[in-house]
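These are my notebook entries on what I looked up in this model. The structure is shown first, and the entries follow.

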Amino acid sequence: MSVHYLGILAIVVFYLLILFVGIWAARKSKGSGFDSEDVMLAGRNIGILVGVFTMTATWVGGAYINGTAEAIFASDVGLAWCQAPFGYAISLVIGGLFFANKMRSEGYVTMLDPFQRKYGERMGGLLYIPALMGEVFWSAAVLAALGKTTIMLTRSCHFAK
């Protein structure tokens, strides 16, 4: 069993690059008067190209890629069992066509803001629980994908052949 040193190096370089970009961005924005809403929404002034790349990076992560590959490889029917890419694409198109302009014109920051404004803070807090659980499980899936990748690169487990 051999260790893929080039793969490990690529992962280390990738995460160091992310760290350095984050440090650079933090230093650049320090003292510029940005608040958390400006940071989350990029000042509501983002181009279409950057928006497309940002949405792609947000939705397509390690868990998505590993899960898609596993669903296609493990099933007899292949791509027919892999619904995530189609569901994500349809939801983004529907959200963009029917909800984006309204949410932008109302100045909403999150998807829960319209509900919180209409039904109150208590309902907003209650609706936050499923959103939080989704983020927790999504983060777990991404970490599991990173773990699988690391196991395959280091060959450190009995099922990594």
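I began with Phe 115 and found its place in helix 7; helices here are DSSP runs of H or I with at least four residues, numbered from the N terminus. The model is predicted, so I note that local features need pLDDT of at least 70 and side-chain atom pairs pLDDT 80 or more, whereas totals for chains, interfaces and linings use all residues. Residues are numbered from 1 along each chain as its sequence is written, and side-chain values use heavy atoms, without hydrogens and water.

I recorded Phe 115 as partly exposed at 40% relative accessibility (buried is under 20%, exposed over 50%, partly exposed in between, with a 1.4 Å probe and protein chains only).

I then looked up the nonpolar surface patch of about 980 Å², whose members include Phe 115, Tyr 119, Met 123 and Phe 137. Patch residues have over 30% relative accessible area and no salt bridge, with like charges joined within 9 Å and nonpolar side chains (Val, Leu, Ile, Met, Phe, Trp, Tyr) within 5 Å. A salt bridge is a side-chain nitrogen of Lys or Arg within 4 Å of a carboxyl oxygen of Asp or Glu. Helix 7 (113-119) and helix 8 each supply at least two patch residues, and helix 8 gives the most, with 8.

I next checked Ala 131, which lies in helix 8 (residues 121-154). Ala 131 is partly exposed, at 35% relative accessible area. I noted a C-alpha separation of 9.7 Å between Ala 131 and Met 111, which are 20 residues apart along the chain.

Technical notes:
Areas by Shrake-Rupley, 256 points an atom, 1.4 Å probe, with all protein chains shown as cover.
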